[in-house]
Amino acid sequence: MSEAGGEACPSSGRERAVAFPLPFCSVRGLGLLGGARPRWGSVLPTWSSHALASLLWKHLTDAPRHDVFPAPRASPNPDTTQRTSRSQRAQRRKALPPRTEKMAVDQDWPSVYPVAAPFKPSVVPLPVRMGYPVKKGVPMAKEGNLELLKIPNFLHLTPVAIKKHCEVLKDFCTEWPAALDTDEKCEKHFPIEIDTAAYVSSGPSIRNPKARTVTLRVKLSSLNLDDHAKKKLIKLAGERYCKTSDVLTIRTDRCPLKRQNYDYAIYLLTVLYHESWKTEEWEKYKSEADMEEYEWKNSSSEKNILDTLLQMRAAEKTSASGEELLATKEVDDYRRSVVSLKNEGDSEKTLSQYKESVKRLLNLT
Amino acid sequence: MLVLGSRSTRTMLKEITRLVSMVQKAKHGEQHEGQHYRVPLQDVKTVFPHGLPPRFVKQVKTFGEACLMVRKPALELLHYLKNTNFAHPAVRYLLYGEKGTGKTLSLCHVIHFCAKQDWLIVHIPDAHLWVKNCPDLLQSTYNRQRFDQPLEASTWLKNFKTTNERFLSQIKVQEKYLWNKRESIEKGSPLGEVVEQGIARVKNATDAVGIVLKELRRQSSLGLFHLLVAVDGVNALWGRTTLRKEEKSPVAPEELALIHNLRKMMKNDWHGGAIVSTLSQTGSLFKPRNAYLPQELLGKEGFDALDPFVPILVSNYNPKEFESCIQYYLENSWLQHEKAHTEAGKKELLFLSSANPGQLERLCAYL
């Protein structure tokens, strides 16, 4: 690591006024090395106040120089106005190499960062870069990088550290029941899953308003629902149902206490279940637009094909009744292809199936 | 490949990749796939007064001849049409495919075939033109709720007349139609009179179109002639329009008399012919650019109306067709780039156009 600002400029024979200690330089040199937090308070080196006062006086009375580069210098004789000699300069304390160079690869990381701490570039052995680069440049290195300090870091929560936490927490836990060794068994015996969160923070109050939310998840296949009840429940639940995973999720946070929200969520589930089993008066007016999936019976497609086939039979002077026509294998194929086309959408497979069935129905070669 | 060859070598090369046709049209079979056949210019004027896509028209003018490639979807359709049972209700065929794969030209191929076989052609070149950009909407005299489009109707009638000149005197109207208090069409007068009336009196043009379609539907069932209804961009019939009424409320397609009559034609309650149509995203309104599947473009209403139909996929060129197309351009000295005839050049064209006929045509225009 480069020496503190004092040596940054070559001396090249210029006279140097006695260094006025600058806060930044000294912090870099002393403040963060191995410490828990930057001691902004201890900005100045530990000099006597007398030495300080004389320094200040020196600085104020001397003629101002453009080539002055103030540097912290534990100067052996601050009273003199002469240049510090080579031997005196050599005694100046050099900045130590960063701790990262002495770290072993298999060291115990949780002891380096046992608690949440800001990012210390000399302690974290990763060559991290952060920041928007100038033109034809690269992002800034980690030394003195404010961006890395601003963001939260989880260096204290590495998997190793978490494992250690869990090992300690195990003493406070009970055994997992041996009978529930597969996911299916868990689902079978405990179909409802409740998610709650607890928050701990240091502060004047232990309450946290986020702790009152309760999420209830249940798979509809584990509920006793028939076809009509399931469709009605899905319509009632609306966005809370996920089709791909068949999970109903109810998230409540309208009550002030977690206990109350949990009761409310269970109440909602009960109400949904019972309401979906009931059939109301107005449900018989359900129209085609309300249907979740395509139904072939009484659809326009059925009517069309029936008309077409009847006309074909009439042309050939053979008579056939509607029911007979609908019962043939070709019409059944056609029905299946139309249903798949409507429900799954267009694809090569469904369209070619439809084409084949239409060709067979209309007797095209 | 010679770019500036002598006349004889050029014609010789032409014969190798082409199948000169007029009579042989009916004999297009599997072995002719990938080859071009020439449509005589005379036919182009009568059969396709308004049917060919604009870029193809320019190509015809440049090359001095109209050549269509024989491709599988068209061959399939021709096969079905040859074996049509005219006693059964009209079968509907739907050509669908991505943009630029050749649906309109396949339709034109089929139309030419039927024209040669002496069918009556009702060809609507682009149904999308009837649902947008129409400044003069008149309220229909026949039905108060509907709207007339005099310009579009009269242009279509003119082109219809050019295509089907010989039928117009043969077919007789079977009902009396009153235009207004003074003019009427008597029963038994030829259809040509209706068409004349529509062209002359632009105000009645839409009603004339309606009468023509109704009569044709009725009479093809009697077996006097075979009727081919060819509609390009059939998804316009069930989509939305950009037209607005005077009070700025949007016009639904069924409120347009032309669309209403055309929808009746697309129903399969008549027999004695066939209905061939294509889906087109290019002129369509309010549909995303990469939509090409039937249900996406037709919507629920359209699909239910056309059901049951035979969907026919038109895809990009296969390697043989691609090769043939490049040869055709080379022979007509259309590709002037020196690397165009090399293998590397062809591979580059294949990659750039991904074997899409429309893209290839646009690319070759620059070379």
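Hi everyone, let's start at a salt bridge: B:Asp304 pairs with A:Lys342, and their closest N and O atoms are 3.1 Å apart. Please keep in mind that this is a predicted model.

Which elements of chain B give two or more residues to the side that touches chain A? They are helix H4 (72-82), strand E4 (91-96), helix H11 (294-306) and strand E12 (310-313). H11(B) provides the largest share, seven residues. By type, that side of chain B has 17 nonpolar residues, five polar and six charged.

Now for the extent of the interface. In contact terms, 28 residues of chain B meet 25 residues of chain A. The two chains bury about 2300 Å² between them, with 54% of that on carbon and sulfur atoms. On the chain B side, B:His88, B:Gln295 and B:Pro308 lose the most area to chain A, together 23% of what that side buries.

Let me finish with one residue in chain B, B:Gln139, which sits in strand E6 (residues 138-139). Beyond its neighbours within four places in sequence, B:Gln139 is in contact with B:Arg144, B:Arg146 and B:Phe147. A polar atom of the B:Gln139 side chain lies 3.1 Å from the backbone oxygen of B:Arg144. And B:Lys245, 106 residues away from B:Gln139 in sequence, is 9.9 Å from it in space, C-alpha to C-alpha.

Technical notes
Residues numbered from 1 in each chain as written. Chains lettered and ligands numbered in written order. Predicted model: local features only at pLDDT ≥ 70, side-chain atom pairs only at ≥ 80, totals over all residues. Heavy atoms only, no water. Helix = DSSP H or I, 4+ residues; strand = E, 2+ residues; numbered from the N terminus. Contact = heavy atoms within 4.5 Å. Polar contact = N/O pair within 3.5 Å; in protein donor to acceptor, adjacent residues only side chain to side chain. Buried area = accessible area lost by both parts, 1.4 Å probe. Salt bridge = Lys/Arg side-chain N within 4 Å of Asp/Glu carboxyl O. Nonpolar A, V, L, I, M, F, W, Y, C, P; charged D, E, K, R; others polar.
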